[in-house]
Amino acid sequence: MRPLTEEETRIFFEKLFKYIGENIKLLIDRPDGTYCFRLHRDRVYYVSETIMKLACNVARENIVSFGTCFGKFTKTKKFRLHITALDYLAPYAKYKIWLKPNAEQQFLYGNHVMKSGLGRITESTPQYQGVVVYSMNDLPLGFGVSAKSTQDCRSADPMTIVAFHQSDVGEYIRSEEMLT
């Protein structure tokens, strides 16, 4: 368990910025205390400073997890967000996509979002921007990357991919052993 290096912080915040923009500072300076990001076994954890201080009393090899895992660094030093970060990303998301009820199941199985399953999209969403995917009942289902801008979606064919799948709540079942 250690603080992120400058390069790791830059890579991590660039990924978070794609989804929540300037709202990153709202994650760190919260009214209920100060939170920080720590690296442990190539995974980035979001943890309150009080819990982090308590975790310092335990040997590193004995710590399995602490706080909320936001994702992990790959061997090539790229950062991959985990679905466990969804509860913290969803309230601050700049760009959102809502799915029709018949498309929710396909997204939860790991498929991309088609135009035919698109219920709504945030106005002025640019292409290749991080988006949080919601059901029509405003329940966050996962996140992905917009394949088309809002303008392009209006004139797209119904079978065109409008958002690339990155992670969804179905991963809790499909990839249970990798999330810890």
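What follows is a set of questions and answers on this model.

User: What kind of model is this, and how are residues numbered?

Analyst: This is a predicted model, where local features need pLDDT of at least 70, side-chain atom pairs count only at pLDDT 80 or more, and totals for chains, interfaces and linings use all residues. Side-chain values use heavy atoms, with hydrogens and water left out, and residues are numbered from 1 along each chain as its sequence is written.

User: In which order do the 6 strands of the open sheet run?

Analyst: Helices (H or I, at least four residues) and strands (E, at least two) are DSSP runs, numbered from the N terminus. Two strands pair if DSSP finds at least two bridges between them. The pairing in this open sheet is mixed, and its order is 8-12-11-10-7-9.

User: How many residues lie between strand 10 and strand 11 in their hairpin?

Analyst: The two strands pair in the antiparallel sense over 5 bridges. Tyr134 has Pro140 in strand 11 as its bridge partner. In the turn, Asp138 has a positive phi of about 60°. The number of residues between the strands is 4.

User: Which residue in strand 12 stands opposite Phe143?

Analyst: Strand 11 and strand 12 run antiparallel, joined by 5 bridges. The residue opposite Phe143 is Ser167.

User: How many of the 7 residues of strand 11 are buried?

Analyst: Buried means under 20% relative accessible area, exposed over 50%, and partly exposed in between (1.4 Å probe, protein chains only). Strand 11 is mostly covered. Its buried residues number 6.

User: What angle does the direction of helix 5 make with that of strand 11?

Analyst: Axes are lines fitted to C-alpha atoms, for helices over the stretch in contact (heavy atoms within 4.5 Å). Angles run from 0 to 180 degrees between N-to-C directions. Helix 5 (residues 101-108) packs on the sheet and touches strand 7, strand 8, strand 10, strand 11 and strand 12. Its direction makes with that of strand 11 an angle of about 80°.

User: How many aromatic pairs are there, and why is the pair of Phe70 and Tyr88 called tilted?

Analyst: Rings of Phe, Tyr and Trp (its six-membered ring) pair if their centres lie within 6.5 Å; planes under 30 degrees apart count as stacked, over 60 as edge-to-face and the rest as tilted. The structure holds 15 aromatic pairs. Phe70 and Tyr88 have ring centres 5.8 Å apart, and the pair is tilted because the planes stand at 35°.

User: Which charged end sits over the ring of Trp98?

Analyst: Trp98 forms a stacked pair with Tyr134, with centres 5.9 Å apart and 25° between the planes. Both residues are buried. A charge sits over a ring if NZ of Lys or CZ of Arg is within 6 Å of the ring centre and within 35 degrees of the ring normal. At 4.1 Å from the centre of the Trp98 ring, the charged end is that of Arg120.

User: Which residue forms a salt bridge with Arg30?

Analyst: A salt bridge is a side-chain nitrogen of Lys or Arg within 4 Å of a carboxyl oxygen of Asp or Glu. The charged end of Arg30 also sits over the ring of Tyr35, 4.0 Å from its centre. In the salt bridge, the closest N and O atoms are 2.8 Å apart, and the partner is Asp32.

User: How many residues apart in sequence are the parts tied together by Glu123 and Arg154?

Analyst: The side chains of Glu123 and Arg154 meet in a salt bridge at 2.9 Å, N to O. Glu123 lies in the loop between strand 9 (118-121) and strand 10, and Arg154 in helix 6 (residues 150-154), so the separation of the parts they tie together is 31 residues.
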